[in-house]
Amino acid sequence: METNAMISIIIPVYNVENYLNRCIDSVLSQTYKNLEIILIDDGSTDSSSKICDFYQEKDRRVIAYHKRNEGQGIARNYGIDRSKGEYIMFVDSDDWIDPRMCEKLMSLCNTYKRDITGCAYSIDFADGTSKNQFSDSKSGIISGKKCILNVLYQTEDDLGSMCCKLFKRELFDTFRFPSLRNYEDYVISLQLFFAEPDIYFCNLPMYHYYYRIGSSSKSNDFERKIKTIETSYQIKDYFI
């Protein structure tokens with residue numbers, strides 16, 4: 001593994017004009033500099049697309065793409081297809097990351113010879129408070145099987161999100177996000193955990209997940225609940 005390998009950071013963007021600057025600025029502020037930042041404007045109708053273009057002009061590491069709206073999973077696949085890095089990281093456009101996150105996860109990849117490393121994340125609320133979701137978890141190697149069970153049983157150590165992780169790019173030669181508009185993370189993360197014998201987890205909360213009312217992941221409409229059942233069937237069929 002290369003200590004200075006390029007990381008492609010893929011950020012799907014959809015109508016997040018109030019949060020996008022903070023997200024991109026946090027990525028550009030990384031202590032690890034060999035980055036490729038891929039912004040996928042997924043048919044935004046606000047000023048998000050202009051913000052993407054602004055950062056492309058501002059920093060040569062930023063590449064902005066614009067496409068019709070098809071959902072976060074398809075946007076991530078779009079970014080994977082155009083990425084050039086040896087490693088891939090996903091960041092949601094209303095979240096932000098600590099300056100040393102890329103450096104730390106890359107160091108762990110090299111030290112422990114893992115193709116997947118992950119860190120804890122905190123949930124940041126609109127009132128300024130935050131909560132470390134993994135405050136009781138310890139750093140160390142976790143088996144892929146254990147990760148799968150944590151996701152399926154929805155334990156406090158659930159690592160189902162594709163954010164807060166660093167992946168060897170070769171993994172995505174086999175696995176891609178399904179065309180679902182909710183919980184698509186769970187489908188592909190379980191497949192990746194099944195393929196990888198061990199994952200290294202770091203208990204530092206370096207990823208900041210912003211909890212905002214109205215985001216796609218907070219929607220409770222009936223259609224979303226029906227689609228959750230579709231996700232469950234995809235997971236079941238894969239393991240069968």
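Are R76 and D185 buried or exposed? Both are buried, where buried means under 20% relative accessible area, exposed over 50% and partly exposed in between (1.4 Å probe, protein chains only). Before we go in for the close-ups, please keep in mind that this is a predicted model, in which local features need pLDDT of at least 70, side-chain atom pairs count only at pLDDT 80 or more, and totals for chains, interfaces and linings use all residues. Residues are numbered from 1 along each chain as its sequence is written, and side-chain values use heavy atoms, with hydrogens and water left out.

**View A. R76 and D185 form a salt bridge.** The N to O distance between their side chains is 2.4 Å; a salt bridge is a side-chain nitrogen of Lys or Arg within 4 Å of a carboxyl oxygen of Asp or Glu. R76 sits in helix 3 (residues 72-82) and D185 in helix 6 (residues 184-195), so this pair ties together parts that are 109 residues apart in sequence. Helices (H or I, at least four residues) and strands (E, at least two) are DSSP runs, numbered from the N terminus. A search of the whole structure turns up eleven salt bridges.

**View B. D59 pairs with R61 in a salt bridge.** Their side chains meet at 3.1 Å, N to O. Both D59 and R61 are buried.

**View C. D42, K67, R68 and E70 are linked in a network of salt bridges.** Within this view, look for the side chains of E70 and R68, which meet at 3.1 Å, N to O. E70 counts as partly exposed because its relative accessibility is 27%, while R68 is exposed, at a relative accessible area of 61%.

**View D. K168 is buried yet has no salt bridge.** You will find K168 in strand 9 (residues 165-168). The nearest side chain of opposite charge, E170, is 4.2 Å away; Lys and Arg count as positive and Asp and Glu as negative, with His and the chain ends not counted. Leaving aside neighbours within four places in sequence, K168 is in contact (heavy atoms within 4.5 Å) with E86, Y87 and D115.

**View E. D158 lies in the loop between helix 5 (144-152) and strand 9.** With a relative accessible area of 13%, D158 is buried. Not counting residues up to four places away in sequence, D158 touches F134, N150, V151 and Y186. The side chains of D158 and Q154 are joined by a polar contact of 3.1 Å; such a contact is a pair of N or O atoms within 3.5 Å, and within protein one must be able to donate a hydrogen and the other to accept it, while residues adjacent in sequence count only if both atoms are side-chain atoms. A polar atom of the D158 side chain also lies 2.7 Å from the backbone nitrogen of G160.
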